[in-house]
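Dear colleague,

Please find below the structure that I am handing over to you, followed by an account of what was found in it.

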Amino acid sequence: TPSNSSAASDVYKRQPYRSKPRFAAVDGGSISEPLLGGGALFIARAIAIGPDGGISSRRLRVKASRFRSSAFLDFVRSILEYEAAMDVLDRLRPGDYLLMDGSLLATLYRIFTRIARIASGRSRLNIGEIEADMLGLKLLPLIAELLENANSKSVRILYVSKDFSFRILKEHILLRELDKLYDCESNPSPLCVYVRENMNTYPAKRRELLLSTLPRLGVHRSIGEALLNTTYRDQAFVDDIASHTPGFTSPLVAGLLHTFVRRVFSSYGIRGVVDIIASMLEVYFGEKLDDDLLGRVTKAVHSLPAVNIVYLKARAGDPPIMIEYPYWDEYFVTRDTRYLREPGVLDEEAVGFVAGEYKSMAYYNTWLIRAHTLVKIRRDHVRSYIRFLENSLAQEGVELPLSRRTIIRSVQA
């Protein structure tokens with residue numbers, strides 16, 4: 001199989017070194033309940049576990065809205081998570097770790113894709129999505145500020161996720177393999193055109209070009225099939241490389257690899273993109289957007305670091321988890337290629353810390369599991385929030401227009 005080739009296996013390392021620094025952990029939870037007329041009740045909260053193991057920060061937002069938007073709810077939750085992270089960062093010392101649940105790269109890609117769609121006029125004209133676009137703009141400076149403040153304090157931020165759908169390492173390794181096998185540097189064949197176009201693009205484009213060359217790949221056909229199989233993702237790919245051996249992959253350094261987003265920023269420039277977005281959102285909001293926000297967005301785009309991606313297989317029988325952390329030697333928006341680098345002592349210490357706390361896939365990190373358990377929104381929480389809102393609105397003579405389906409489900413839960 002392609003994943004058992006030497007070009008793939010050389011990125012997989014021995015079991016990492018373990019260390020025991022102090023920590024903090026942040027996670028968020030969210031839920032929505034439909035309202036009559038197409039609206040929704042959005043509930044989001046975040047929690048930070050401090051270095052003493054206690055709750056260091058809580059954040060909550062409840063909003064009754066005239067629209068329904070999963071992106072809006074996701075951004076609300078993320079904003080609360082970063083606010084809670086900023087709170088707990090003040091309690092950390094140099095050498096400590098701040099653990100964030102989820103993926104940094106996925107969050108950045110989502111925001112940048114939405115920004116590019118607005119600037120290019122391809123954004124969906126939906127009231128909920130427009131509101132979500134605005135929240136995405138507000139989230140971007142928060143991310144940059146947290147990363148910069150943590151770096152200035154020598155606190156290391158690790159994003160840890162057991163649920164991810166990336167193919168970014170798989171595509172990189174297999175494209176690199178085809179590049180070598182077919183000497184694509186000087187080969188103008190359709191296969192090599194595909195390889196060169198996608199070597200530094202994620203996700204890969206023009207798969208129909210690869211499909212047309214598949215019959216001519218011969219003994220290397222399995223590589224092409226693995227690239228075309230979008231359900232064969234990094235988690236399974238790393239499992240194949242590892243061959244049931246605990247360890248971790250070399251850090252993959254990635255930045256802004258999305259072709260469409262890069263094209264938009266190249267056409268208008270960073271400040272130009274921000275100005276276009278501002279003018280378009282002003283039409284909807286009916287007033288000029290805050291100059292301070294626009295300035296912070298522009299600064300954030302310039303200052304965000306590139307991202308290290310490492311996959312850790314902590315136990316032989318368990319699938320790998322994903323760890324991300326900033327790579328301050330390069331910037332996100334200017335790193336338009338991806339590459340594997342040799343891990344250093346700091347990489348091994350970071351991965352080793354996560355490995356040392358790993359128990360199983362169900363309990364992949366003690367502190368993040370604790371944060372998740374405390375922040376998870378259960379049905380009885382929803383009923384409490386609804387009762388509070390109903391009582392508060394009743395004093396003003398206003399009724400919360402819950403749909404019949406929601407009312408029935410809440411009673412039965």
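The charged end of Arg-110 sits over the ring of Phe-75, 5.6 Å from its centre. Likewise, Arg-156 lies over the face of Tyr-325, at 5.5 Å from the ring centre. A charge sits over a ring if NZ of Lys or CZ of Arg is within 6 Å of the ring centre and within 35 degrees of the ring normal.

Please note that this is a predicted model, in which local features need pLDDT of at least 70 and side-chain atom pairs count only at pLDDT 80 or more, whereas totals for chains, interfaces and linings use all residues. Residues are numbered from 1 along each chain as its sequence is written, and side-chain values use heavy atoms, with hydrogens and water left out.

Aromatic pairs

A search of the whole structure finds 12 aromatic pairs. The rings of Tyr-97 and Phe-353 have centres 5.0 Å apart and planes at 20°, so this pair is stacked. Rings of Phe, Tyr and Trp (its six-membered ring) pair if their centres lie within 6.5 Å; planes under 30 degrees apart count as stacked, over 60 as edge-to-face and the rest as tilted. Because Tyr-97 lies in strand S5 and Phe-353 in helix H13 (residues 345–357), the pair ties together parts that are 256 residues apart in sequence. Helices (H or I, at least four residues) and strands (E, at least two) are DSSP runs, numbered from the N terminus. Tyr-97 counts as buried at 3% relative accessibility, and Phe-353 is buried with a relative accessible area of 1%. Buried means under 20% relative accessible area, exposed over 50%, and partly exposed in between (1.4 Å probe, protein chains only).

Phe-166 and Tyr-202 form an edge-to-face pair, 6.2 Å centre to centre with 90° between the planes. Both Phe-166 and Tyr-202 are buried. Tyr-109, Phe-112, Phe-265 and Phe-332 form one aromatic cluster.

Strand S2 and its partners

Of the 12 residues of strand S2 (residues 23–34), 10 are buried, so the strand is largely enclosed by the rest of the structure. S2 pairs with strand S5 (residues 97–101) in the parallel sense over four bridges; two strands pair if DSSP finds at least two bridges between them. The bridge partner of Ala-24 in S5 is Leu-98. S2 and strand S3 (residues 40–49) run antiparallel, joined by 10 bridges, with Ser-32 opposite Phe-42 in S3. S2 and S3 form a hairpin with five residues between them, and Gly-37 in the turn has a positive phi of about 85°.

Yours sincerely
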